[in-house]
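Let's take a friendly tour of the aromatic rings in this protein. Have the structure open as you read.

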Amino acid sequence: MPRNIYSEDHEAFRASVREFVERTLEPRAEEMIREHVIPRDIWQEAGKQGFLGLDIPEELGGAGAGDYRFNAVFAEEVSGFTAAVSSCFGIHADVCPPYIVDLGTEEQKQRWLPGIASGELICSIGMTEPSGGSDLAALKTTAVRDGEDWVINGSKTFITNGHQCDLAIVAVRTDPSKGAKGITLFVLEAGTEGFTKGNKLDKVGQVESDTSELFFDNVRVPDANRLGPEGQGFIAMMQRLPQERIGAAVSNVAHAAKILEETIEYTKERKAFGQAIGSFQHNKFKIAELVTRIEVTQAYVDDCVAAHAEGRLTPVDAAKAKWFSAQVQNDVLDECVQLYGGYGFMNEYRVARAWRDARVTKIWAGSNEIMKELIGRDLGL
């Protein structure tokens, strides 16, 4: 089925992103896997190409695209390379900037946004805590007012870009008596006394992504680092989670679709019992099912992207796109591994890495179970 949400401008932008992937990312793929990190010069090249500032106004160094479909194109092309690099770029360029653009003071915008757009300042967001998981309202990291400063204590875990971040948008509890209404956002800068980063976490998949814990031991920050009104942090996160979730859905489908495309070519070339394995009826029918599932899921996600570009995407529809695309991605990639046979279990094959990389998408950005809970509540259940 033809996709109808992109214009010639979007496709021209896609060509630029694809060239970046082929010229800059693909030659460094093994290096990123080996070092468990995206090198700084790659971040800066992405910034130079204008890919990291799509949500940042032009006067602050960004592209000022004003059209979420450009974000989606960038996510699709990078996800076709690897899910890990896409997640790192996504957190930095798609998730973090709207917080500062929407909530930041003019001084904060001038201080941080140009560096985010250029790739000089790598950004992360600290929501998840060791004991909290998807329950953001139960976070335990605290900030206590001390004159014109705040003193922050606690920790965050599973933080994408955490090990090399220059900036971390962190949710903390400023009023223990108010529950979700007692949560406030701060921007912490690397090098601040008491703010330390753990080692890169040893993950099952997405090894190119530097994921770590963040620790706060009497971190003193000025009130000028508070992002948005005091006590409004939980609302701010809830308002912006739909963009994170539709971004995840875009990446999920693009990642699975690229590996499925490669798998189909493999089944045309791989011979068994004197014929291409894709020509066996079981495999042919299986591939037909997989292609259909991807295209049907893509159609729903495309509708969500178009809705978000127009400001119409609801949190519930974003939740539907997030959980279903994650499930479809995992199902499709598991079948792709099966079609590769023993080679599908070898790390040298992209299908094996993709299969491992995909598993976390049913957990992060709100687990699939939490997404279904949101949908169920909307149905009055």
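Is Tyr 266 buried or exposed? In this predicted model, Tyr 266 counts as buried, because its relative accessibility is 13% and the cut-off for buried is under 20%.

## A stacked tyrosine pair

A search through the whole structure turns up 15 aromatic pairs. One of them joins Tyr 266 and Tyr 340: the ring centres are 4.1 Å apart and the planes meet at 15°, so this pair is stacked.

Now look at where the two partners sit. Tyr 266 belongs to helix α8 (residues 233-269) and Tyr 340 to helix α10 (residues 315-340), so their pairing ties together parts that are 74 residues apart in sequence. Tyr 340 counts as buried too, with a relative accessibility of 10%.

## Around Trp 323

Trp 323 pairs with Phe 324: here the centres are 5.5 Å apart and the planes stand at 90°, so the arrangement is edge-to-face. Phe 324 has a relative accessible area of 37%, which means that this residue is partly exposed.

The charged end of Lys 372 sits over the Trp 323 ring, 4.4 Å from the centre.

## A cluster and another charge

Ring pairs also build a cluster, linking Phe 13, Phe 20, Trp 43, Phe 51, Phe 70, Phe 74 and Phe 89.

Finally, turn to Tyr 99. Arg 240 lies over the face of Tyr 99, at 5.6 Å from the ring centre.

Note on methods:
Residues numbered from 1 in each chain as written. Predicted model: local features only at pLDDT ≥ 70, side-chain atom pairs only at ≥ 80, totals over all residues. Heavy atoms only, no water. Phe/Tyr/Trp six-rings, centres within 6.5 Å; stacked < 30°, edge-to-face > 60°. Helix = DSSP H or I, 4+ residues; strand = E, 2+ residues; numbered from the N terminus. Buried < 20%, exposed > 50% of the residue type's maximum accessible area, 1.4 Å probe, protein only. Lys NZ or Arg CZ within 6 Å of the ring centre and 35° of its normal.
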